[in-house]
Amino acid sequence: MDERDVRLLKAISDLGTGSPERLHEETDIPVSTIHYRLNNLREDGVIENDLYDLDHEALGLGVTVIVEVLADYEGPYEEFADELLAVEGVTEAFFTMGETDFVVLARLSSSDTVERLISDFEAIPQVERTNSTFTIATLRDEPRAPATYDLDTLIEELVD
């Protein structure tokens, strides 16, 4: 990855679009070069998709719950994690070190659905205990990590 790739990825993150015309306006990189580089970044797996981001609040899934899951399971953690990921509303899950085995983030329609979420987790035999935290307000929900960095920092840390 070179500096132009990093500049493109930063612009995509800041603008929320992969439109070559908008990226050209932001970076001054020629549109034909942008097309070429975007294709290469897709082939390399850096760009995963062209999906639109959703506003969970506007969609009606504005209740965010963070759940710590303590479990006693055998075998690879991925197999157990599949059961956690099958619970409706789970949008993110992390395998962690320390006292907590997994941290799960769920987007729900109302506080009434939290009971269903926790019941679904506790119905999994290997789950020993859960600890849930309601979020009061979302301070940042940025799906594109480069948007949280200064361009110079990204270039310094990511350019080969």
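In the predicted model, Arg-4, Asp-5, Leu-8, Leu-9 and Ile-12 of helix α1 contact Thr-33, Ile-34, Arg-37, Leu-38 and Leu-41 of helix α3. The residues of this contact comprise 6 nonpolar, 1 polar and 3 charged. Helix α1 spans residues 3-15, and helix α3 spans residues 31-43. Packed helices are described by the angle between their axes and by the distance between those axes. For α1 and α3, the angle is about 90° and the axes lie 11 Å apart. Angles of 65 to 115 degrees count as roughly perpendicular. The two helices, α1 and α3, are therefore roughly perpendicular to each other.

Two loop residues were examined in this part of the chain. Ser-19 is located in the loop between α1 and α2, the latter covering residues 20-27. Ser-19 has a relative accessible area of 21% and is partly exposed. The cut-off matters here, because buried means under 20% relative accessible area.

Asp-28 occupies the loop between α2 and α3. Its relative accessible area is 63%, and Asp-28 is exposed. Most residues other than glycine have a negative phi. Asp-28 is not a glycine, yet its phi is positive, at about 65°.

The domain assignment divides the protein chain into domain 1, residues 3-53, and domain 2, residues 57-134. Taken over C-alpha atoms, the centres of domain 1 and domain 2 are 34 Å apart. A further separation was computed between Asp-112 and Pro-30. These residues, Asp-112 and Pro-30, are 82 residues apart along the chain. Their C-alpha atoms are separated by 51 Å.

Attention then turned to helix α5. This helix runs from residue 77 to residue 85, and its buried residues are Phe-80, Ala-81 and Leu-84. They cover an arc of only 105° around the axis, which puts them on the same side of α5. Several elements contribute to the cover over the buried residues of α5. Among them are the strands β1 (63-71), β2 (90-95), β3 (102-108) and β4 (127-134). Helix α6 (112-122) is also included in this cover.

Two of these covering elements hold residues of further interest. Asp-112 lies in helix α6. With 65% relative accessibility, Asp-112 counts as exposed. Asn-131 is placed in strand β4. At 35% relative accessibility, Asn-131 counts as partly exposed. Neighbours within four places in sequence aside, Asn-131 is in contact with Ile-66, Val-67 and Glu-68. Strand β1 covers residues 63-71. Asn-131 and Pro-146 are 15 residues apart in sequence. Their C-alpha atoms are 31 Å apart in space.

How values were computed: Residues numbered from 1 in each chain as written. Predicted model: local features only at pLDDT ≥ 70, side-chain atom pairs only at ≥ 80, totals over all residues. Heavy atoms only, no water. Domains from an automatic or database assignment. Buried < 20%, exposed > 50% of the residue type's maximum accessible area, 1.4 Å probe, protein only. Helix = DSSP H or I, 4+ residues; strand = E, 2+ residues; numbered from the N terminus. Arc of directions from axis to C-beta. Contact = heavy atoms within 4.5 Å. Axes fitted to C-alpha atoms, helices over the stretch in contact; angles between N-to-C directions. Parallel < 35°, antiparallel > 145°, perpendicular 65-115°, else oblique. Nonpolar A, V, L, I, M, F, W, Y, C, P; charged D, E, K, R; others polar.
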